[in-house]
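The entries follow in the order I made them.

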Amino acid sequence: MGWFKRQEKGITTATEDKMDVPKGLWYKSPTGKIVDAEELKRNLWVSPEDDFHVRIGSKEYFEILFDNNVFEELDANMTSKDPLGFVDTKKYSDRLEDAIEKTNLKDAVRTGVGKSKGRDLVVCCMDFAFIGGSMGAVVGEKIARGINHSIKNNIPFVMISKSGGARMMEAAYSLMQLAKTSAKLAQLAEAKIPYISLCTDPTTGGTTASYAMLGDINISEPGALIGFAGPRVVRDTTGKDLPEGFQTAEFVLEHGFLDFITPRKELKDKINLYLDLILNNEVR
């Protein structure tokens, strides 16, 4: 006989008294693996079952890279305007307000300055949650100011890209950021200050066409989508079937577009190792 025996029949519970499982307790990876959310966080948001790197934002990357998560944020309150009065399915100004409210971010990039393994580091990190990590005037300006801070204080610069491309609602203002950030990186190179570019999933469009591929060392997380246009657009444009794994980090590395693929667990150590080697410092 089983350990459980029903004593009463026809038991019903009112809807308002039923207990639901809270959201966010579990994560399901694209390969179907189920992971406890707390375990996923402890594992730096990498699925221990299949090594899938879950998309994370600036908050999480700053926690990974900065010692004790201590850093100063630059230009924290800079927000985008709507100079064109752009309207598609809704007003751009309304879209910005919604994005700020939903994400608690001011725009698609944040800049942090702090210690990483005991030495100063400037990190600009994009957030895909804010309008697809699209690159508008504020993104370009904040990256430019981050580079200026690196030059002024002789601090290495790290750029973490995660973007769907240019922000169409700002038209030419957005496209100008490609040239603007590239010019600033040229100044950084002239000052002989190292620049590490980390490409995460996805790195596409204008970011790939500018700062994401201009690092002294270009690295990526495993499995990240990296390219100018997405696979679907390339397939529809060329009318040809694409190679297996096209535009994944592994494919891009094999074809010489990247220097290294670095798992998230090794990210802090590897970035600081590259900086020590470039600067001819004692390896930490």
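**Entry 1: salt bridges**

I started with Asp98 and Lys90, whose side chains meet in a salt bridge at 2.4 Å, N to O. I count a salt bridge when a side-chain nitrogen of Lys or Arg is within 4 Å of a carboxyl oxygen of Asp or Glu. The model is predicted, so local features need pLDDT of at least 70 and side-chain atom pairs count only at pLDDT 80 or more, while totals for chains, interfaces and linings use all residues. Residues are numbered from 1 along each chain as its sequence is written, and side-chain values use heavy atoms, with hydrogens and water left out.

I then checked accessibility for this pair. Asp98 is partly exposed, at a relative accessible area of 26%. Lys90 is partly exposed too, at 29%. My classes are buried under 20% relative accessible area, exposed over 50%, and partly exposed in between (1.4 Å probe, protein chains only).

I looked up Asp88 next. Asp88 forms a salt bridge with Arg95, with the closest N and O atoms 2.8 Å apart. Asp88 has a relative accessible area of 31% and is partly exposed. Arg95 is partly exposed at 21%.

How many salt bridges does a search of the whole structure find? I noted 18. I also noted a network of salt bridges that links Asp75, Glu141, Arg145 and Lys180.

**Entry 2: Asp107 and Arg167**

Are Arg167 and Asp107 buried or exposed? Both are buried. For Asp107 I noted a relative accessible area of 1%.

The two form a salt bridge, and their closest N and O atoms are 2.9 Å apart. Arg167 lies in the loop between strand S6 (157-163) and helix H5 (171-190), and Asp107 in the loop between helix H3 (92-103) and strand S4 (109-116), so the pair ties together parts that are 60 residues apart in sequence. Helices (H or I, at least four residues) and strands (E, at least two) are DSSP runs, numbered from the N terminus.

The side chain of Asp107 makes another with the side chain of Arg167 at 2.9 Å. A polar contact is a pair of N or O atoms within 3.5 Å; within protein, one must be able to donate a hydrogen and the other to accept it, and residues adjacent in sequence count only if both atoms are side-chain atoms.

I set aside sequence neighbours within four places. Asp107 is then in contact (heavy atoms within 4.5 Å) with Ser80, Phe130, Val138, Val139 and Arg167.

**Entry 3: the sheet**

I traced an open sheet of seven strands with mixed pairing, in the order S3-S4-S5-S6-S7-S8-S9. Strand S3 (71-74) and strand S9 (260-261) stand at the edges with a single partner strand each, so one side of each has no neighbour in the sheet. Two strands pair if DSSP finds at least two bridges between them.

I looked at one pairing within the sheet. S6 and strand S7 (residues 195-203) run parallel and are joined by six bridges. Ser163 stands opposite Thr203 in S7.

**Entry 4: cysteines**

How many disulfides are there? I counted zero, taking a disulfide as a pair of cysteine sulfur atoms within 2.5 Å. The sulfur of Cys124 is 8.9 Å from the closest cysteine sulfur, in Cys125, which is too far for a bond. Cys124 is buried, at a relative accessible area of 0%. Cys125 is buried, also at 0%.
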